[in-house]
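Subject: Handover of the structure

Hello,

Here is the structure I promised to pass on. Please open it next to this note, which goes through what was found.

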Amino acid sequence: MKGLQITEWKKPYKFSTDIPVPKIETPTEILIKIAVAGYCHTEMMVQNGEFASRMKANNGLPLIPSHEATGVVVEIGSGVTRVNVGDRVASLPIKNTCGECNDCKKGLVKYCENADHNGVFANGAACEYMVADEAWTIPLPSSITFEAAAPLMCAGATIYSGLKVANLKSGQSVAIIGVGALGHLGAQFAKCMGLKVVCVDARQAPLDLVKSLKYAPDYTIDAMKGVEWALQEIGGEGVDATLMATDAIPAYSYGLQLTKKHGTFVVMGQPFDPIPIPFNQLIFRNLTVKGSLISDLESATEMVKIVAEKGKYHINIVKAAYSFFLGIEVRTKTYPLEDIKRLMQDYHKEDHAGKLVLRVSDNV
Ligand SMILES: [Zn+2]
Ligand SMILES: [Zn+2]
């Protein structure tokens, strides 16, 4: 099969056409013919070998990247009950949790340290066929395209889960710092939850993107104008919770200051350097700092349902030929698998906004 591979850390991907098609090895695994695979920020960390220590000895390089998989099921293991051959699916990266560790026993399976993560330390979706775990796979409603579904499997799942970690009630306020793939989805999910939403970024292109959405944030804030200005703009003492969807270190100090006293600060970015959190934010301002790791199947399934329900095209019956989008949008730009270099160049451009995805197979 064709696919991308990391053959050496910190080196460009190798495009190959002779990668062996993987085989199902456990009863709960399924083989997916990949339609669209997402390109996530974590891809660069994987390429640099930052997760190499989690690789199982028999599963080292070469490694196929991408942990946002969508496609059609072409084969199922003997114990699979939730999906069938021919189903359109999307798959979270987690696979083969052990069922025996403390986290698995407590139901905190996404934290299982014996699990594989497709595209991170097991083979991922930037190829024609990928083995996934049915326990982490979600059948897709027909209204959700593969292009829209791929970003939901990490970016969407992570920010949706982060919003749940923030544990806010309708009417409360949330700031999303970093309006990339996670941020533009998070803003829409938060609006659908009835929250007051503040989106912050230092770049204009992503702020323009979120402003154009149906579920647009209440405030779009240019981070370059400073936190005092932001507090004045949004009025009052800050937001009830802040979701950090960036790894820019100065943004963390900004986000802490933007959070109301007794508020919640949720970390989803993965900066290489330690995150500075001054003691006064914890002691005198009583902020709660939490992390959020991707998502469990339940929350991700709930998110997919919300996108299916809210993400509908509205057909204008007066001008039947004209339709416009009425719901949640997953803004993507699609590249053929072979064009990964162009995708990566565009990813680093100042005016880049939304999510970049790879079209792997056309005939699914
Ligand atoms: Zn486990
Ligand atoms: Zn990711």
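**Domains and their interface**

The chain is assigned two parts: domain 1 (3-140 + 331-359) and domain 2 (158-291). These bounds come from an automatic or database domain assignment.

Before you read on: this is a predicted model, where local features need pLDDT of at least 70, side-chain atom pairs count only at pLDDT 80 or more, and totals for chains, interfaces and linings use all residues. Residues are numbered from 1 along each chain as its sequence is written, chains are lettered from A and ligands numbered from 1 in the order in which they are written, and side-chain values use heavy atoms, with hydrogens and water left out.

The C-alpha centres of the two domains are 28 Å apart. In domain 1, 14 residues are in contact (heavy atoms within 4.5 Å) with twelve residues of domain 2. Together the domains bury about 1000 Å², 50% of it on carbon and sulfur atoms. Buried area here is the accessible area (1.4 Å probe) that two parts lose on being put together, summed over both. On the domain 1 side, Arg331, Glu350 and Ala353 lose the most area to domain 2, together 43% of what that side buries. Zero salt bridges were found across this interface. A salt bridge means a side-chain nitrogen of Lys or Arg within 4 Å of a carboxyl oxygen of Asp or Glu.

**Zinc sites**

Donors are N, O and S atoms within 2.8 Å of the metal (3.2 Å for Na, K and Ca); water is not among the atoms, so sites may look incomplete.

Ligand 1 is a zinc ion held by the SG atoms of Cys98, Cys101, Cys104 and Cys112, at 2.3 to 2.4 Å. Why is the arrangement tetrahedral? Because the four donor atoms subtend angles of 104 to 118°. Four donors count as tetrahedral if all angles lie between 85 and 135 degrees. The donor spacing in sequence is C-x2-C-x2-C-x7-C. Cys101 sits in the loop between strand S6 (94-95) and helix H2 (102-106), and Cys112 in the loop between H2 and strand S7 (116-117). Helices (H or I, at least four residues) and strands (E, at least two) are DSSP runs, numbered from the N terminus. Cys101 is buried at 19% relative accessible area, and Cys112 is buried at 2%. Buried means under 20%, exposed over 50%, partly exposed in between (1.4 Å probe, protein chains only).

Ligand 2 is also a zinc ion, coordinated by Cys40 (SG), His67 (NE2) and Cys154 (SG) at 2.0 to 2.1 Å. Its donors follow the spacing C-x26-H-x86-C. His67 lies in the loop between helix H1 (42-47) and strand S4 (69-76), and Cys154 in helix H3 (residues 146-166), 87 residues apart. Both His67 and Cys154 are buried.

**Salt bridges**

The whole structure has 13 salt bridges. One of them joins Arg331 and Glu329, at 2.9 Å from N to O. Arg331 is partly exposed at 26%, while Glu329 is buried at 17%. Asp346 pairs with Lys349, also at 2.9 Å. Asp346 is buried at 12%; Lys349 is partly exposed at 44%. Shared partners join Lys333, Asp346 and Lys349 into one network of salt bridges.

**Met344**

Met344 is in helix H10 (residues 340-347). Leaving aside neighbours within four places in sequence, Met344 is in contact with Tyr13, Tyr39 and Gln47.

Best wishes

Notes:
Four donors count as tetrahedral if all angles lie between 85 and 135 degrees; four count as square planar and six as octahedral if opposite donors are over 155 degrees apart and all others between 65 and 115; anything else is irregular.
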